[in-house]
Amino acid sequence: MPVDLSGTWNLLSSDNFEGYMVALGIDFATRKIAKLLKPQKVIEQNGDSFSIHTYSSLRNYLVTFKVGEEFDEDNKGLDNRKCKSLVTWDNDRLTCVQKGEKKNRGWTHWIEGDRLHLEMFCEGQVCKQTFQRA
């Protein structure tokens, strides 16, 4: 069984969030506000079923999925695009590939020590975020 990502996680650092948001086509004003936020993630994992809540003072986002099953994802409140998403385990990393209007889009979550790491990628831009258990 892969690693358990369950928990409440607070953002510690974020690198290249601006570049990632530009790749998504997010407008200037929203990017400036979003860069100031310190989101919290709450991950609930039950075997291969997940719900990932991302909370911030600007927007909240929820994605639910089962590893290995493609699903329709509506990124309302993020970049407002719809895509087909598939999440798989790559050793102890949870990796999502999102197919849609934007190319080479997705994310990877993994734990090192007491930190949760998230890499989000889109059209050649990579944002690296680190979270600490709350």
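Helices (H or I, at least four residues) and strands (E, at least two) are DSSP runs, numbered from the N terminus. Asn16 sits in the loop between strand 1 (7-15) and helix 1. The phi of Asn16 is near 65 degrees, a positive value in a residue other than glycine. Asn16 is partly exposed, with a relative accessible area of 35%; here buried means under 20% relative accessible area, exposed over 50%, and partly exposed in between, using a 1.4 Å probe and protein chains only.

The structure is a predicted model, in which local features need pLDDT of at least 70 and side-chain atom pairs count only at pLDDT 80 or more, while totals for chains, interfaces and linings use all residues. Residues are numbered from 1 along each chain as its sequence is written, and side-chain values use heavy atoms, with hydrogens and water left out.

Although Glu123 is not a glycine, its phi is positive, about 45 degrees. Glu123 is partly exposed, with a relative accessible area of 38%.

Helix 2 (residues 28-36) comes next. Its buried residues are Thr30, Arg31 and Ala34. Seen down the axis of helix 2, these buried residues fall within an arc of 100 degrees, so they line one face of the helix; the arc is that of the directions from the helix axis to the C-beta atoms. On the other side of helix 2, Phe28 and Leu36 are exposed. The buried residues of helix 2 pack against helix 1 (17-24), where contact means heavy atoms within 4.5 Å.

A search of the whole structure turns up one cavity of 30 Å³ or more. A cavity is a set of points, on a 1 Å grid over the protein atoms alone, where a 1.4 Å probe fits but cannot get out, and its lining residues have an atom within 4 Å of a point. The largest cavity contains about 30 Å³ of space, a volume being the space filled by probe spheres set on the points, which are joined across faces, edges and corners. Strand 6 (82-90) and strand 7 (93-100) are the elements that give two or more residues to the lining of the largest cavity. Strand 7 supplies the largest share, three residues. By class, the lining has one nonpolar, two polar and six charged residues; Ala, Val, Leu, Ile, Met, Phe, Trp, Tyr, Cys and Pro count as nonpolar, Asp, Glu, Lys and Arg as charged, and the others, Gly among them, as polar.

Notes. 1 Å grid on protein atoms, 1.4 Å probe; cavity = no way out; pocket = protein on both sides within 12 Å on 5 of 7 lines; lining within 4 Å.
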